[in-house]
Amino acid sequence: MARPIIEIDNVIKRFGDFTAVDGVSIDVKEGEIFGLLGPNGAGKTTLINLILGLLSITSGKITIDNLDIKHNKDKVKRLIGMMTQETVVESELTARENLEVFAQLYHVNKSELNGRVEDSLKDADLIDFADKKAGTFSGGMKRRLELVKSMVHKPKIIILDEPTTGLDIQNRNHLWEEIKRLSENGITTILTTQYLEEADFLCNRIAIIDHGKIKAIGTASELKMMVGTGDVVEIISKPDNVEKVAKLLKSLKLSPIVKSEKVSAPMGSDSVKMLNNITTALQKNKIAIISINMHMPTLDDVFLKLTGNQLRDTTGENVSARSQIMMRR
Ligand SMILES: Nc1ncnc2c1ncn2[C@@H]1O[C@H](COP(=O)(O)OP(=O)(O)O)[C@@H](O)[C@H]1O
Ligand SMILES: [Mg+2]
């Protein structure tokens with residue numbers, strides 16, 4: 001098993017009375033893509049800024065490549081590449097100049113610099129735009145430039161803060177491919193995301209984070225197993241009927257979770273039979289519903305189970321297999 005390259009040990013970060021990171025412990029292994037999945041305000045960026053040494057730790061310890069970051073700021077800085085949440089390419093500089101400036105900042109050898117910049121432009125698919133000002137680029141092109149920029153000094157670790165937030169699907173996919181490629185070359189990646197699909201598709205392991213606390217850590221499949229056995233049924237009804245639906249599921253020995261107008265529950269090993277039982281029971285008890293569907297457990301189900309809230313996926317796309325049975329009345 002790969003050794004841990006980033007060790008986060010019971011880290012707390014307070015801003016005044018407010019605790020933004022609340023006792024987080026994570027070991028990230030060399031070469032893995034590790035995802036921090038959580039909603040806005042969960043503490044993802046704060047945790048990343050602690051790893052980068054941009055914020056001081058209130059208590060706890062972070063070690064990178066066996067170096068305590070507190071006492072090895074410069075060494076650690078050279079080990080990490082960082083892509084921030086906001087776009088920070090220099091608009092007035094060309095793509096090539098952006099890369100050159102950054103390479104110099106990180107003391108890339110003069111003899112290697114030109115080759116490194118050329119390779120980066122190729123990796124980002126920007127060779128034809130090398131001498132155009134970055135300010136004229138689309139959002140996706142800027143993000144691609146930023147990713148290779150953060151890699152120009154050949155760090156062992158790359159940290160990506162919401163790399164694809166706001167990108168369209170085509171640009172997102174392009175960036176995903178690029179992140180996978182880096183990982184195949186042995187780069188360790190930490191990325192934060194609010195997108196379930198992103199965590200599911202990219203990450204070897206995922207930490208679900210909410211209100212500064214880690215709720216669970218594991219592979220996507222391990223996390224989904226926490227939801228329970230079988231497919232998840234999801235029933236939407238008018239507010240008046242929500243409690244009735246939940247009660248009916250309980251009478252069928254299921255464990256429903258209620259979130260506003262939605263009731264969901266894993267259906268056990270014979271999900272199809274159970275779904276049949278549920279629809280029959282709804283009809284028999286004359287409980288009107290708006291819709292019923294079943295799906296394989298998603299990370300959203302995991303998040304709901306762990307936090308009582310939904311991590312709404314705003315990409316509007318669903319990668320996971322879904323079977324839908326709509327019943328309208
Ligand atoms: N410098 C700061 N001073 C006070 N509160 C902060 C500061 N930075 C972040 N916070 C608070 O900490 C919480 C976590 O923020 P952040 O780490 O940016 O979350 P995320 O990146 O998951 O959206 C938020 O409630 C935010 O308002
Ligand atoms: Mg953030």
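**First stop: Ala20**

Select Ala20 and look at what it touches: beyond residues up to four places away in sequence, its contacts are Lys13, Phe15, Gly43, Thr46 and Gly212 (a contact means C-beta atoms, placed from the backbone, within 7 Å). Ala20 sits in strand E2; strands are DSSP runs of E with at least two residues, helices are runs of H or I with at least four, and both are numbered from the N terminus. Ala20 counts as buried because it has 21 C-beta neighbours inside 10 Å, where the cut-off for buried is 20 or more other C-beta atoms within 10 Å of its own.

A word on the model: it is predicted, so local features need pLDDT of at least 70 and side-chain atom pairs count only at 80 or more, while totals for chains, interfaces and linings use all residues. Residues are numbered from 1 along each chain as its sequence is written, and chains are lettered from A and ligands numbered from 1 in the order in which they are written.

**Next: ligand 1**

Now select ligand 1; the residues around it include Phe15, Ala20, Gly43 and Thr46. Which helix gives the most to this shell? That's H1, with 3 residues.

Pick out the open sheet of 6 strands, ordered E6-E7-E8-E3-E9-E10 with mixed pairing (strands pair if DSSP finds at least two bridges between them). E6 (80-83) and E10 (213-218) are at the edges, each with a single partner strand, so one side of each has no neighbour in the sheet. Zoom in on E9 (205-210) and E10, which run antiparallel and are joined by 5 bridges; there, Ile208 is opposite Ala216.

Note on methods:
Near = placed C-beta within 6 Å. Buried ≥ 20, exposed ≤ 12 C-beta atoms within 10 Å, placed from the backbone. Contact = placed C-beta atoms within 7 Å.
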